[in-house]
Amino acid sequence: MPGHQNITLEEWSLSSSNFFWLANKVPSSNPSFFPQYPAYERSWLDLAFVAGWTVIFALLREFMMRGVFAPFMRCWIRREHRARLARSAVRARGNKQEASPLANGHNTTASGANGHVVNGVGQELRARKGVIDHTSAQDFQSKSKGLTKRQKLDEKKVTRFAEQGWSLFYYIVYWSFGMWIHINSPWYPFKLDNLWIGYPHTPMPGPVKFYYLSQLAFWFNQVIVLNVEDRRKDHWQMMTHHVITTTLMIMSYVNGFTRVGCLILVLFDLCDILLPLAKMFKYMALEPLPDITFGLFLLSWLVTRQVLYPFVVRSVVFDTPYLLPFRENGAPEPAITRRRWATYSALLTGLAILSLIWLLEIVRIAKGAVTGKPVEDTRSDEEE
């Protein structure tokens, strides 16, 4: 990449494998950090890898949503409807028995009882026939006019559930992947000086490069999804977050800040496991699991994004001027420029401010849950 190494013509020999696997493998020079895996330098061919994995995530998202989570939610909704109808039938039978003259002791003769029973059976059969006829008419109208209002709401719930299911699946996998890297890293558990010592940290271990570039591909896919699908009320808020995130990841990769990038991703991804899970519980009406999970989400947000993340930002802003070689100070390549460092610091600070704004919204929802108001998904459609 520019500012880190000379790009040779060999690096431009693009092949189909570059869209799915890492390029520019070199001998490892860092035996203390994943020595058992191949090491890689940055390369222009990394653009092909990001493009390929953006498509892979788009296809995987569709498969998981349409093939796994949507069918599951449809089965769940049908099960809930059947259970609701069964409860209604039980209540209806109970009401009939309470209103029956036999139950109240109004009939004293066997003939009178038999007469009422016969009349009651006839009325029940006629009522059932009317219900069946009415249901058949409704079904015919539904098929002729399209989905009913209830069916449309159910399908919207299925879509929302599938979206959250995909998010849950992705973040479980990548938070676990990131934690594995973090536990085996020189900066574990929170040695922030080791984020900068030995800069520019090249070549990178294979797992770190794969993790970083595939995460970048996921965020590119998120930007595409946000602009292709129906807009939500927080569209521009989410768009701002996604643009800042992708810009930070590109800058950190180009400038050799992948260590701090890996740490931030691990901190942020934990919250993104719990929030989709709370929403899925909400769509399934599994009270009080949505409120409990939302409480855990709030706790994780406070710890990771409002306590630990500001320490990382502080290290970037105040530690790097003393620990990194700046090109303006006469340091040779691959030193970073002060302008890039200032831009990176400003974007990280902006992300911290955005997290604080979201915290206020989260606290508002949590206060409503404490006072008896159930947790709601604020990311509804604009037209709702």
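**Rings, patches and bonds**

Guide: A search of the whole structure finds 35 aromatic pairs. This is a predicted model, where local features need pLDDT of at least 70, side-chain atom pairs count only at pLDDT 80 or more, and totals for chains, interfaces and linings use all residues. Residues are numbered from 1 along each chain as its sequence is written, and side-chain values use heavy atoms, with hydrogens and water left out.

Visitor: What makes Tyr 170 and Tyr 171 an edge-to-face pair?
Guide: Rings of Phe, Tyr and Trp (its six-membered ring) pair if their centres lie within 6.5 Å; planes under 30 degrees apart are stacked, over 60 edge-to-face, and the rest tilted. For Tyr 170 and Tyr 171, the centres are 5.1 Å apart and the planes are at 80 degrees. So the pair is edge-to-face.

Visitor: Why is the pair of Phe 297 and Trp 301 called edge-to-face?
Guide: Their ring centres are 5.7 Å apart and their planes stand at 65 degrees, so the name edge-to-face applies. Phe 297 and Trp 301 are 4 residues apart in helix 8 (residues 289-323), so about one helical turn separates them. Helices here are DSSP runs of H or I with at least four residues, strands are runs of E with at least two, and both are numbered from the N terminus.

Visitor: How do you know whether Tyr 170 is buried or exposed?
Guide: Buried means under 20% relative accessible area, exposed over 50%, and partly exposed in between (1.4 Å probe, protein chains only). Tyr 170 has 2%, so Tyr 170 is buried. Tyr 171 has 5% and is buried too.

Visitor: What makes a group of residues a patch?
Guide: Its residues have over 30% relative accessible area and no salt bridge; like charges are joined within 9 Å, nonpolar side chains (Val, Leu, Ile, Met, Phe, Trp, Tyr) within 5 Å. A salt bridge is a side-chain nitrogen of Lys or Arg within 4 Å of a carboxyl oxygen of Asp or Glu.

Visitor: Which residues form the nonpolar patch on the surface?
Guide: Leu 60, Phe 63, Val 68, Phe 169 and Val 173 form it, with about 390 Å² of accessible area together. Helix 1 gives the most, 3 residues. Val 68 is in helix 1. Its relative accessible area is 35%, so Val 68 counts as partly exposed.

Visitor: Which residues gather in the patch of positive charge?
Guide: Arg 84, Arg 87, Arg 91 and Lys 157 do. Lys and Arg count as positive, Asp and Glu as negative; His and the chain ends are not counted. Helix 1 (residues 46-99) brings the largest share, 3 residues. Lys 157 sits in helix 4 (residues 149-183).

Visitor: Why is Lys 157 called partly exposed?
Guide: Its relative accessibility is 32%, so Lys 157 falls in the partly exposed class.

Visitor: Where is Phe 34, and is Phe 34 buried or exposed?
Guide: Phe 34 lies in the loop between strand 1 and strand 2 (39-40). At 4% relative accessibility, Phe 34 is buried. Its phi is near 50 degrees, a positive value in a residue other than glycine.

Visitor: Which residues does a cis peptide bond join, with omega about 15 degrees?
Guide: Tyr 199 and Pro 200. Pro 200 is in the loop between helix 4 and strand 3 (204-205). The bond from Thr 202 to Pro 203 is also cis, with omega near -5 degrees.

Notes
Areas by Shrake-Rupley, 256 points an atom, 1.4 Å probe, with all protein chains shown as cover. Charge placed at Lys NZ, Arg CZ, Asp CG, Glu CD.
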